[in-house]
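Welcome! Here is a short tour of one structure, taken step by step. Please have a look at the model below before reading on.

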Amino acid sequence: MEPQAKLLEVHRRLCGVFGCPITYHHALSPLDELVSSLLSHRTRNADSRRAFMNLRERFPGWEAVRDADTAHVQDALSPCTWPEAKAPALQRTLRAITEARGALDLDHLAAMDTADARAWLQALPGVGPKTAAAVLSFSALRGRALPVDSHHHRVAQRLGIIPANLAVGPAHRVLEALLPAEWDAQMVYDDHQVFMRHGQRTCHFHRPACRDCAVLDLCPHGAQTLSPPQG
Ligand code: SF4
């Protein structure tokens with residue numbers, strides 16, 4: 001099966017499992033979403049949420065976070081992985097936005113088309129394809145952009161929708177190009193959500209539960225996993 005046809009069939013079946021359309025978790029401003037996304041890298045959701053709330057409670061606004069003693073920001077980020085790296089990186093990103101815009105906000109993104117907004121975000125230090133797509137899709141912008149996290153990426157690789165050696169960064173462009181042009185932002189969001197949830201619930205990094213998988217018949221990795229050992 002061609003990658004696009006397979007993606008569409010997997011999307012259809014997983015939407016049946018998880019129930020599309022999937023409700024958006026929240027509607028943060030684009031800047032809040034950017035900060036949240038920067039904190040979430042390789043960190044459990046509950047921990048990055050705690051770090052985000054620490055910032056909101058300890059500082060009167062993002063300008064204060066930007067201008068604070070880095071040690072104070074680092075302390076607020078202690079629930080995250082690598083607070084010593086994330087604190088200066090976050091301040092660098094906030095300063096870069098201020099320099100580019102003359103103020104610390106991302107409200108101008110609402111007037112840009114998705115491709116331009118994505119390019120603008122990715123020109124910021126510390127902002128890659130996943131963070132840019134998360135800002136556009138998950139925030140109140142509700143843009144048509146596809147974030148690809150490690151679960152989504154692993155499922156797409158195992159199913160053979162993308163090559164096994166395609167890294168997560170370039171996978172964003174490849175996977176998004178496979179989505180039908182007529183899909184709206186909600187359907188693109190659903191696509192990310194169902195692939196991610198399938199990776200969390202069934203297609204685990206270690207010992208995927210292939211026997212319980214709704215797309216086993218489409219999956220070369222699953223066939224290989226379940227095939228009897230050759231004697
Ligand atoms: S068959 Fe196994 S490896 Fe393939 S998508 Fe399903 S759980 Fe993942």
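## Terms and model

In the residue classes used here, Ala, Val, Leu, Ile, Met, Phe, Trp, Tyr, Cys and Pro count as nonpolar, Asp, Glu, Lys and Arg as charged, and the others, Gly among them, as polar. This is a predicted model, where local features need pLDDT of at least 70, side-chain atom pairs count only at pLDDT 80 or more, and totals for chains, interfaces and linings use all residues. Residue numbers start from 1 along each chain as its sequence is written.

## Around the ligand

By class, the shell around the ligand has 10 nonpolar, 4 polar and 1 charged residues. In total, 15 residues surround the ligand, and the closest are Cys 203, Cys 210, Cys 213, Cys 219 and Gly 222. A residue counts as near a molecule or strand if its C-beta atom, placed from the backbone, lies within 6 Å of it.

Which element provides the largest share of this shell? Helix 12 does, with 3 residues. Helices (H or I, at least four residues) and strands (E, at least two) are DSSP runs, numbered from the N terminus.

## Two domains

The chain is divided into domain 1 (3-22 + 147-226) and domain 2 (30-138), with bounds from an automatic or database domain assignment. Their centres, taken over C-alpha atoms, are separated by 27 Å.

## Where the domains touch

Contact means that the C-beta atoms of two residues, placed from the backbone, lie within 7 Å. By that rule, 8 residues of domain 1 are in contact with 6 residues of domain 2. On the domain 1 side, helix 10 (168-177) and helix 11 (185-201) are the elements giving two or more residues. Helix 11 gives the most to that side, with 3 residues. The residues on the domain 1 side divide into 5 nonpolar, 2 polar and 1 charged.
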